[in-house]
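Below is a short briefing on one structure. It covers the sheet and then the salt bridges.

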Amino acid sequence: MTEHELTSLEQRRAVCPYTDCATGTVMDMVDQRMLAPESREYAFAEFGEEGEGSLPVYPHSSWTQQECWVCQLCGRSILEVIECQETGVGKQTRVEELTRLVLWPSPAPRVLHPDVPERIRSAYEEASRAENAGAARLAGVGYRSAVEELCKDQGATHKTLHGKIRELAAQGLPGDIITALDETRVVGNDSVHQGVAYSDEELGDIAELVAEATVLLYVQPAQRRRLADSRRKRHEAAQQKP
């Protein structure tokens, strides 16, 4: 596949992945090349044939390509790897983008609030790093692991994660939290037992569900405690004034 055939866009509008830019802007493509499988033309001489000429190699139906873009706003480069597939025949041929992974700058992992216990935060961040690396099944298992740590921290003791979640439901945890935990459990089970690779959007939704559950269970209660402590100290200070 030639460089000309690879090129589909010279510009695009996107959000810059650099955290100190992070603005919707126009990006310019400055480089694009085939990574795999390698395509080349073979000279007749390589096969012991006389005369001049070459044997063209035709495009593959699926391939991996690299693209380098430059943000017009901050001027920095973004390096991406894209899995592509050609479908259709003749005039109906089209190129479908299967996956797009940002290699540089390295995407920052999702993190939970410091008020969340460290074991939950650690499992969650590891899952996010797997998600950023395109390891969808590992990410699914990782988010499930974060949910299991959350259930343990909330006092659940059943031997299975499903049982732990049912325990928390019986203790009166809100239904939306139970739903979030159970959906994450299902994704993790599918990932490890069925080999299902959920999409980026599906994994991102699961990650958000877990994060929202931790806000309700840990962050908001901690904030309320701090505010209550602040009010108490302010009240005590006011009582000591002459």
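Helices (H or I, at least four residues) and strands (E, at least two) are DSSP runs, numbered from the N terminus. This is a predicted model, in which local features need pLDDT of at least 70, side-chain atom pairs count only at pLDDT 80 or more, and totals for chains, interfaces and linings use all residues. Residues are numbered from 1 along each chain as its sequence is written, and side-chain values use heavy atoms, with hydrogens and water left out.

**Sheet**

- Five strands make an open, antiparallel sheet in the order β1-β2-β5-β6-β7; two strands pair if DSSP finds at least two bridges between them.
- At the edges lie β1 (11–15) and β7 (94–104), each pairing on one side only.
- Strands β5 (residues 62–71) and β6 (residues 77–87) run antiparallel and are joined by nine bridges.
- Thr64 has Glu83 in β6 as its bridge partner.

**Salt bridges**

- The count is 17 salt bridges, each a side-chain nitrogen of Lys or Arg within 4 Å of a carboxyl oxygen of Asp or Glu.
- Glu125 and Arg129 form one (2.8 Å, N to O); both lie in helix α2, four residues apart, about one turn of the helix.
- Asp182 and Arg185 form another (2.8 Å, N to O), and both lie in helix α5 (residues 175–194), three residues apart.

**Exposure of the partners**

- Asp182 and Arg185 are both buried; buried means under 20% relative accessible area, exposed over 50%, and partly exposed in between (1.4 Å probe, protein chains only).
- Glu125 is partly exposed at 26% relative accessibility, and Arg129 is partly exposed at 48%.
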